Amino acid sequence: MSTLFQAIMCLLYDENLFFKNNRNLIYESSNIRLCRKLNEFNSPFKAIQAYNKTIPKDNWRYVVITRNPVDRFISNFIDRCIRKPTKEYNYMLKESNSVMMRKDFEDMHFFPQNWRCNFRKILSNYTVIKYQNKNIRDIEEVVSSLNNIFYEQKVPNSTLTFIRNQLLSSKTMHTTIDTKAREFFENRLTRSPFLMEYIIRMYYYDFKLFNYTIPEIKF
């Protein structure tokens with residue numbers, strides 16, 4: 001969802017550039033994204049400084065899409081460790097024996113969501129949209145929530161229609177829903193008290209801060 005959200009923000013940042021390059025929201029990829037380094041920042045405060053140092057944060061609209069920690073972990077594990085097994089799996093084995101914690105693109109897929117976006121200081125400023133990818137109705141709810149926010153920000157109706165049609169027309173390249181791997185690893189994880197305890201420990205504050213129900217562990 002983060003790559004898809006980047007694509008949407010790129011469209012809103014420069015619609016003419018997006019259409020001139022025949023880009024598609026669904027098929028954007030992190031390594032070929034059109035607006036790389038144009039409207040992307042490591043924190044909200046850096047964005048404010050880049051555009052206008054006098055603008056207080058309260059004048060900005062903050063939106064974040066979060067995901068159930070269990071669902072997010074399974075999806076990322078399949079995408080990064082199963083579909084790309086050798087590089088990522090060997091890397092994780094090496095890091096598990098290291099006393100140094102590094103942070104790179106692969107790690108960001110598994111770090112807790114509450115570590116991002118200066119949530120520690122300004123979580124109350126955000127409109128939080130909960131995302132899950134179980135069926136088309138879940139996607140429709142996210143699209144509706146996003147478009148309502150964009151409408152309030154004066155985004156043209158034609159652009160809102162384009163976003164809606166793109167997001168509901170097909171699945172992204174990274175989706176893991178409805179796959180045999182997803183079914184297998186979800187059952188493997190959720191039926192193991194040992195593994196689920198680790199998930200809850202790792203993502204405890206994601207469950208609490210974003211109001212997700214902590215799974216019951218059945219021993």
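Let me start with a handedness: helices α4 and α10 make a right-handed crossing. Keep in mind that this is a predicted model.

Who touches whom here? From α4, the contact takes in V70, D71, F73, I74, S75, F77, I78 and I82. From α10, the partners are A181, R182, F185, E186, L189 and T190. Sort that contact by class and you get 9 nonpolar, 2 polar and 3 charged residues.

Now the geometry. Helix α4 spans residues 69-82, and helix α10 spans residues 180-190. Their axes come within 10 Å. The crossing angle is roughly 125°.

Next pair: α1 and α9. Helix α1 covers residues 2-13, and helix α9 covers residues 157-169. These axes come within 12 Å and cross at roughly 155°. That angle is why α1 is called roughly antiparallel to α9. The crossing of α1 and α9 is right-handed.

Which residues make this contact? On the α1 side, look at L4, I8, L11 and L12. On the α9 side, look at T159, F162, I163 and L167. By class, the α1–α9 contact has 7 nonpolar residues and 1 polar. It has no charged residues. The α4–α10 contact, remember, has 3 charged ones.

How many cavities of 30 Å³ or more does a search of the whole structure find? The search finds 1. The largest cavity holds about 50 Å³ of space.

What lines the largest cavity? Please find T3, Q6, A7 and C10 on your screens; they are among the lining residues. The lining also includes E28, R33, L34 and C35. N39 and E40 belong to the lining too. By class, this lining divides into 4 nonpolar, 3 polar and 3 charged residues.

Notes. Residues numbered from 1 in each chain as written. Predicted model: local features only at pLDDT ≥ 70, side-chain atom pairs only at ≥ 80, totals over all residues. Heavy atoms only, no water. 1 Å grid on protein atoms, 1.4 Å probe; cavity = no way out; pocket = protein on both sides within 12 Å on 5 of 7 lines; lining within 4 Å. Points joined across faces, edges and corners; volume = space filled by probe spheres on them. Nonpolar A, V, L, I, M, F, W, Y, C, P; charged D, E, K, R; others polar. Axes fitted to C-alpha atoms, helices over the stretch in contact; angles between N-to-C directions. Helix = DSSP H or I, 4+ residues; strand = E, 2+ residues; numbered from the N terminus. Left-handed = near helix turned anticlockwise from the far one by under 90°. Contact = heavy atoms within 4.5 Å. Parallel < 35°, antiparallel > 145°, perpendicular 65-115°, else oblique.
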